[in-house]
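User: Hello! I am new to this structure and would like to learn how to read its features one by one. Could you guide me?

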Amino acid sequence: MKTIFPDYFENFKCIAEKCRHNCCIGWEIDIDPQTLACYQSAEGEFGKRLRKNISLEGTPHFILGENERCPFLNKKNLCDIFINLGESKLCSICTEHPRFYNTFDTHNEAGLGLCCEEAARLIITDKTPFKLNLTEEMQNEVTILREKIFQILQDYSKDIYKRTENMLSLFFKESPQLSLKAFLPVFEKLERLDEDWSTLLSSLNDFDEEKCEPFRSFMKERESEYEQFLCYLIYRHFSKSATSFEMALYSLFAVLCFKLVFAMGERLFSQNGNFTTENQLEIMRLFSSEIEYSDENIDIILDELEALI
């Protein structure tokens, strides 16, 4: 079965020790059965070290060390398994991260997750419109409507807020009252990983959407960052839809997430008088880590959004 992916997908390469937010720190790293069998039969001192640092309780996983570091992440932030056994002996989650996959009857689709800073850089700084080269036999209700959404989000005669309104008009006669302020208590109660995310959330307590014009003007030449963010969300999540209700739901989810990261950017701009692309990438990376990579958090948000449909 053919796999389709955005143009930037093949450009991804892990930046290893240069990464400021190493995915081998702070995450439980599960070990797939095939790789576990390899580790259990590994010989020598390194084989003993492997088995000593694996827990077989529940899903097999590495036992994290100090500061929740993978026990095989060395002082140079390089992987000792890669160094000693080679890339082919990494467990699947280490090989595939931050890639994700969606499966259709006619094809597979692959993408990169924003929780990785290098993936975020590739996605958000891409100046070319997001597109997929789907053949006619790959088209279905979801992919056809998704393509219409991409076209709306790439309508450069409209500002990015108007584009999101036009996207929602595909599903609603009247756009729902999607107030970020009303959803702040929802975001506040979600499970959190990083204090920086908590700080960003706290900054929104005095956010006023009606007073964003200076920031909107400042970002006018950089709206492509939000365009790519929205296209990414639609590509990753809209594809899970099995019904028209779910399509509407994931579209609302994308717009709510856009409003969230936009507001966080506005708060930083208001505080500092500037807002760099690096600031943007960090907000979106944190968003992805805190929201997208927690099924529980996403489910809570979707449950709240259902009331608007």
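Analyst: Gladly. Let us start with how elements are named: helices (H or I, at least four residues) and strands (E, at least two) are DSSP runs, numbered from the N terminus. Asp303, for example, sits in helix α14, which covers residues 295-306. Keep in mind that this is a predicted model, where local features need pLDDT of at least 70, side-chain atom pairs count only at pLDDT 80 or more, and totals for chains, interfaces and linings use all residues. Residues are numbered from 1 along each chain as its sequence is written, and side-chain values use heavy atoms, with hydrogens and water left out.

User: How many helices and strands are there in the chain?

Analyst: The chain has 14 helices and 5 strands. Along the principal axes, its C-alpha atoms fill a box of roughly 65 × 50 × 35 Å.

User: Is Asp303 buried or exposed?

Analyst: The general idea is a scale: buried means under 20% relative accessible area, exposed over 50%, and partly exposed in between (1.4 Å probe, protein chains only). Asp303 counts as exposed because its relative accessibility is 52%. Asp105, in the loop between β4 and β5 (108-112), is also exposed, as its relative accessibility is 77%. Of the 309 residues of the chain, 50% count as buried.

User: Which residues of helix α1 are buried?

Analyst: In α1 (residues 33-40), they are Thr35, Leu36 and Tyr39. The buried residues of α1 fall within an arc of 105 degrees, so they line one face of the helix. Pro33 and Gln34, on the other side of α1, are exposed.

User: What covers the buried residues of α1?

Analyst: Here we look at contacts, meaning heavy atoms within 4.5 Å. The cover includes α2 (44-52), β2 (54-55), β3 (61-62), α3 (80-85) and α4 (92-96). Contacts also describe the chain as a whole: among those between residues at least 6 apart in sequence, 74% join residues at least 24 apart.

User: What should I look for in the backbone of the loops?

Analyst: In the loop between β3 and α3 you find Glu68, which has a positive phi of about 60 degrees although it is not a glycine. Glu68 counts as partly exposed because its relative accessibility is 46%. Asn77 is also placed in the loop between β3 and α3, and its phi is near 60 degrees, again positive in a residue other than glycine. At 21% relative accessibility, Asn77 counts as partly exposed. For omega, turn to the peptide bond from His97 to Pro98, which is cis, with omega near 5 degrees. Pro98 lies in the loop between α4 and β4 (99-103).

Notes:
Arc of directions from axis to C-beta.
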